[in-house]
Every structure is written in structure tokens, then in C-alpha cells.
Amino acid sequence: MASQRGSIEKQHFEALSDFRFRLRSFLRFSEDAAREEGITVLQYQLMLHTQGFPGREWATISEIAERLQAQHHGVVALVSRCEEAGLVKRKPSHTDRRQVEVHLLAAGRRKLERLAVLHADQVAELAEVVALASKRGA
């Protein structure tokens, strides 16, 4: 019984190791793809998150901070850099004056669309690895 238990643990470690490797490979791919578009991976993620909420084409700075798992003031600086690059624009919220909406501009949309196409295959491969790791770890 101990050897069977050890085998299950070994398989779980192998699955976790493979998952972490594939996840890091995906992140590295994403960093390189963003850099080739002339932006940082955080700028790419910010643009992606502006489009990530159902039923609207913008996100608040607070929502982006949550999605990036970053501090509010850091996201404000990131939005400023994206504005300077012509990727996004800020708009005051019509419903809550304390909030600022971040909207994607045409140049940002073009970059985001190109990067989304590049990421599609990588995301599919990562999804397969997640599914396999979940089965092996169960």
C-alpha cells in the first residue's frame, strides 16, 4: 500500500511540475509576444482586461488592479503609460464620479487583436495541460 501511495504522490508531483513548466513557458511566450508588439506584458494585460468584462468595452482602474493583482497606484501609473502610448484613454464614470473608466483606443485594439490571435494556440495547449494535471492529481 505504501508503494501505491508513493506512486500516486510521484505522479502528482510530475503533473504539478509539468503544469508549472508549461505555465511558465506560456508566460514567457506572452512576454515575448508583447515585446515584439512594442509593449510590455503588463500593457497587454491592461488592454486585455479593459475588454474582459461582459456587456461593456471598458474597465475601471480598480477592476484592472484586481485582475492584475496590483496596487491601485501602480495601475494608475500603468494607465498613464498606456495613455501616452496612444493605447487607452481615461473617462470619468457617468454613474460614479469616484471611478475612472479605461477605454481601449483603435491602436490598442489592433495590438490586442494581433496578440489575442497569437495567444489562441498557446491557451489551448495550456488548457490541455491543466486538464491532464487535474486528472493525474485526482
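Helices are DSSP runs of at least four residues, numbered from the N terminus. In this predicted model, Arg-35 and Asp-32 are 3 residues apart in helix α1, so about one helical turn separates the two. Their side chains meet in a salt bridge, with an N to O distance of 2.8 Å. Arg-35 counts as exposed because its relative accessibility is 53%, whereas Asp-32, with a relative accessible area of 25%, is partly exposed. A network of salt bridges links Arg-28, Asp-32 and Arg-35. Arg-28 is likewise found in helix α1 and, at 47% relative accessibility, counts as partly exposed. Between the C-alpha atoms of Arg-28 and Arg-56 the distance is 29 Å, and 28 residues separate the two in sequence.

The structure holds 11 salt bridges.

Glu-37 lies in the loop between α1 and α2 and Arg-114 in helix α5, so the pair ties together parts that are 77 residues apart in sequence. Glu-37 is buried, with a relative accessible area of 16%, while Arg-114 is partly exposed, with 41%.

Helix packing was examined for α2 and α4. Helix α2 (residues 41-50) packs against α4 at an angle of about 90 degrees, and the axes are 10 Å apart. The two helices are therefore roughly perpendicular to each other. Leu-42, Gln-43 and Leu-46 of α2 make the contact with Leu-78, Val-79, Arg-81 and Cys-82 of α4. Of these residues, 5 are nonpolar, 1 is polar and 1 is charged.

The largest nonpolar core has 22 residues, and Leu-46 and Val-88 have the most contacts inside it. At least two residues of this core come from each of α1 (2-36), α2, α3, α4, β3 (100-104) and α5 (106-137). Beyond its neighbours within four places in sequence, Leu-46 is in contact with Ile-64, Leu-78, Val-79, Cys-82, Val-88 and Val-102.

Gln-69 is found in the loop between α3 (61-68) and α4 (72-84). Although Gln-69 is not a glycine, its phi is positive, at about 55 degrees. With 64% relative accessibility, Gln-69 counts as exposed.

Conventions: Residues are numbered from 1 along each chain as its sequence is written. This is a predicted model: local features need pLDDT of at least 70, side-chain atom pairs count only at pLDDT 80 or more; totals for chains, interfaces and linings use all residues. Side-chain values use heavy atoms; hydrogens and water are left out. Buried means under 20% relative accessible area, exposed over 50%, partly exposed in between (1.4 Å probe, protein chains only). Axes are lines fitted to C-alpha atoms, for helices over the stretch in contact, and angles run from 0 to 180 degrees between N-to-C directions. Angles under 35 degrees count as roughly parallel, over 145 as roughly antiparallel, 65 to 115 as roughly perpendicular and the rest as oblique. Contact means heavy atoms within 4.5 Å. Ala, Val, Leu, Ile, Met, Phe, Trp, Tyr, Cys and Pro count as nonpolar, Asp, Glu, Lys and Arg as charged, and the others, Gly among them, as polar. A nonpolar core is a set of buried Ala, Val, Leu, Ile, Met, Phe, Trp, Tyr and Cys residues joined through side-chain atoms within 4.5 Å. A salt bridge is a side-chain nitrogen of Lys or Arg within 4 Å of a carboxyl oxygen of Asp or Glu.
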